[in-house]
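I opened this one to see how the chain is put together. Here are my notes, in the sequence I made them.

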Amino acid sequence: MTIEITLLGTGSPLPDPERAGPSTLVRAGGKTFLFDAGRGVGLRLAAAGAAWSLLDAVLLTHLHSDHITDLNDAITGRWVTSLAPNPLPIIGPGNTGIVVDGILAMLGPDISYRIAHHEDMTEGPQPVVTETAGGVVYDDREADVRIIAAPTDHKPVEPTVGFRIEHAGAAVVIGGDGVPCAGLDELCAGADAYVQTVLREDLVSMIPIQRFLDTIDYHSTVRQAGETAAKAGVRTLVLTHQVPTPAPGSEAEWVAQAAEVFDGEIVFGTDLTVVTV
Ligand SMILES: [Zn+2]
Ligand SMILES: [Zn+2]
């Protein structure tokens with residue numbers, strides 16, 4: 001095993017009892033990274049045998065609410081389950097600092113209760129935020145783990161980034177939401193696995209509600225995800241955060257749309273799906 005991907009949450013913004021909000025765990029070289037922190041991520045993190053206190057970083061593709069609803073849980077969970085100061089690195093696009101500051105403000109009363117109650121707690125959570133527009137965001141030579149960010153296209157949501165995790169000659173891409181673009185092509189070049197949010201245009205376009213129809217223009221369709229994967233020579237395409245919520249038994253239909261343009265392996269993601277490259 002070189003890099004292990006666990007889809008923690010594959011759901012859309014609409015609550016689904018079977019699917020947590022968007023979040024993906026990546027383990028490589030003894031390091032553990034959480035990408036996005038959607039609804040219920042803490043439950044799935046526990047199911048995957050991971051812990052807040054042991055994460056090496058939380059990385060955010062963008063600041064849409066469904067991707068950060070439980071970032072507060074990550075910040076509090078890290079703080080209360082670490083017995084010594086253990087700052088949580090949070091890497092994300094521009095404005096990540098504003099969001100984290102807002103979460104810390106929201107947690108203000110809770111932080112004061114715990115500091116007052118526990119003698120060994122003298123300060124609140126100390127997340128360390130790094131904002132990136134692209135480039136190397138993590139580099140551990142000893143563990144041979146490198147993470148590279150690149151801008152993605154999820155307009156009008158801006159800025160947004162995708163990530164490429166490299167370890168021992170293998171590479172995995174977390175594409176996030178968004179449509180095909182040069183940044184994504186760059187990240188995906190020759191990758192072993194590419195995890196992409198996908199939308200079924202044929203289904204969404206049948207729903208006569210403008211607010212829903214609006215989602216078509218800024219998400220990759222299943223076919224577009226397949227096109228990006230094919231163009232970049234990706235080995236395995238992983239479909240996640242599917243919109244709309246897939247009907248039971250419809251998995252093959254989703255896979256077939258990507259397979260029209262992509263010859264490689266296609267994985268239809270559900271919560272706790274594991275892909276190892
Ligand atoms: Zn989004
Ligand atoms: Zn999303």
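Predicted model: local features only at pLDDT ≥ 70, side-chain atom pairs only at ≥ 80, totals over all residues.

I number residues from 1 along each chain as its sequence is written, with chains lettered from A and ligands numbered from 1 in the order in which they are written.

Entry one, overall build. I found ten helices and 14 strands in the chain; these are DSSP runs numbered from the N terminus (helices H or I, at least four residues; strands E, at least two). I looked up the extent too: the C-alpha trace spans about 60 × 45 × 30 Å along its principal axes.

I traced an open sheet of seven strands, ordered 7-8-9-10-11-12-13, with mixed pairing (strands pair if DSSP finds at least two bridges between them). Strand 7 (135-140) and strand 13 (265-268) are at the edges with a single partner strand each, so one side of each has no neighbour in the sheet.

Strand 12 (residues 236-243) runs parallel to strand 13, and four bridges join them. Here I found Leu237 opposite Ile266 of strand 13.

Contact means C-beta atoms, placed from the backbone, within 7 Å. Helix 10 (residues 251-259) lies across strand 12 and strand 13, at about 145° to strand 13. For these angles, axes are lines fitted to C-alpha atoms, for helices over the stretch in contact, and values run from 0 to 180 degrees between N-to-C directions.

How values were computed. Contact = placed C-beta atoms within 7 Å.
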